[in-house]
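Subject: Structure handover

Hello,

Here is the structure for you to look at. My notes follow below it.

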Amino acid sequence: MIAGVPREWTGATPAAAARAFDVAHEPSAIAPAPNLAAEADDHDGHTVFSSVIADLRAQVGGAGVPPLPAPTPAPEAPPAPPAGAGPIFSPPPAPGSQQILARVCREEHANPASRDTCGRCGAPLDGDAHLVTRPSLGRFTLSNGQVVELDRPVVLGRRPRTTRAQSNDLPRLVAVPSPEQDISRSHVEIQLEGWHVLVCDLNTTNGTTVLRPGQPPRRLHPGEPMMVASHDVVDVGDGVTFVFEGLL
């Protein structure tokens, strides 16, 4: 009679599986993995390979083995604050700068509103007049060669002063020599009114004379401005004169 049918195990024996489970819960007891190729020829049927342990642990679902903690997500960068429209500071106007009605050519030259062509480049003025910052209205050249730009009022004299305090109407002070003291400290003022240039005697003792080509000399009345044009010459005494040029 046959006592029993021989059984063929495809894996480890039950005792070996129990031993592998115990070993899996004691990581320090697991020896370094042996050379599988060398052990293939010397397997006694009871040795449990590390690959078998891995299979057994997979079958039991890693029972008793705490899972690895999930990686902590990196903190998100705080959102950038919205770019608010901060206060806008306008630069202070240049001394003597004034708004004036003008017609502008394609080269951005400002001209009196009554002109049809540009007084600087001759280009036609097609656009309507609008307010712009008043440009220089010309210049005058002193008898000593000094050139003064008419981008703001001017007070000329031996030791000129001004009592004005407004920055947008602060005149330029031009000192001239006067060995004989014929020129007053503040002798004459060149005023800018709109597009016009005027000369005013500042109540001097020796007076101011305007020389216009083709006309007799004209002595200015103290405190009464006179409009001047290009090529007009002003004589303030003591050999000091100046001539206007490039007036618009």
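Contact here means heavy atoms within 4.5 Å. With that cut-off, T204 touches S184, S186 and H187, not counting residues up to four places away in sequence.

Some ground rules before the rest. This is a predicted model, where local features need pLDDT of at least 70, side-chain atom pairs count only at pLDDT 80 or more, and totals for chains, interfaces and linings use all residues. Residues are numbered from 1 along each chain as its sequence is written, and side-chain values use heavy atoms, with hydrogens and water left out.

**Overall**

The protein has 3 helices and 14 strands. Both are DSSP runs numbered from the N terminus: helices are H or I with at least four residues, strands are E with at least two. Of the 248 residues, 28% count as buried. Buried means under 20% relative accessible area, exposed means over 50%, and partly exposed lies in between (1.4 Å probe, protein chains only).

The protein exposes about 16600 Å². Carbon and sulfur atoms supply 55% of that area. The areas come from the Shrake-Rupley method with a 1.4 Å probe; for residues, only the protein chains shown count as cover. Among contacts with a separation of 6 or more, 49% are between residues 24 or more positions apart.

Is T204 buried or exposed? T204 is buried, because its relative accessible area is 12%. Its side chain also makes a polar contact of 2.8 Å with the side chain of D201. A polar contact is a pair of N or O atoms within 3.5 Å; within protein, one must be able to donate a hydrogen and the other to accept it, and residues adjacent in sequence count only if both atoms are side-chain atoms.

N203 lies in the loop between β9 and β10. N203 counts as exposed, at 61% relative accessibility. Its phi is near 55 degrees, a positive value in a residue other than glycine. Most residues other than glycine have a negative phi.

Q181 has a positive phi too, of about 60 degrees, although it is not a glycine. Q181 sits in the loop between β7 (172-175) and β8. At 48% relative accessibility, Q181 is partly exposed. Check both backbones by eye, please.

**The three-stranded sheet**

An open sheet of 3 strands runs in the order β2-β1-β3, with antiparallel pairing. Two strands pair if DSSP finds at least two bridges between them. β2 (110-112) and β3 (130-133) are at the edges with a single partner strand each, so one side of each has no neighbour in the sheet. The twist averages 75 degrees from one strand to the next. Axes for such angles are lines fitted to C-alpha atoms (for helices, over the stretch in contact), and angles run from 0 to 180 degrees between N-to-C directions.

β1 (residues 99-104) is joined to β3 by 4 bridges. On this side, Q99 stands opposite T133, and I100 stands opposite V132. β1 and β2 pair over 3 bridges. There, R103 has N111 as its bridge partner.

**Around β4**

β4 (139-142) pairs with β5 (residues 147-149) in the antiparallel sense over 3 bridges. F140 has V148 as its bridge partner in β5. These strands form a hairpin with 4 residues between them, and G145 in the turn has a positive phi of about 95 degrees. β4 is also joined to β14 by 4 bridges, again antiparallel. T141 stands opposite V243 there.

**The core**

The largest nonpolar core has 30 residues. Such a core is a set of buried Ala, Val, Leu, Ile, Met, Phe, Trp, Tyr and Cys residues joined through side-chain atoms within 4.5 Å. Those with the most contacts inside it include F140, L150, V197 and F244. Elements giving two or more residues include β1, β4, β9 and β14. V197 touches residues including L137, L150, I190, M226 and F244, not counting residues up to four places away in sequence.

Best wishes
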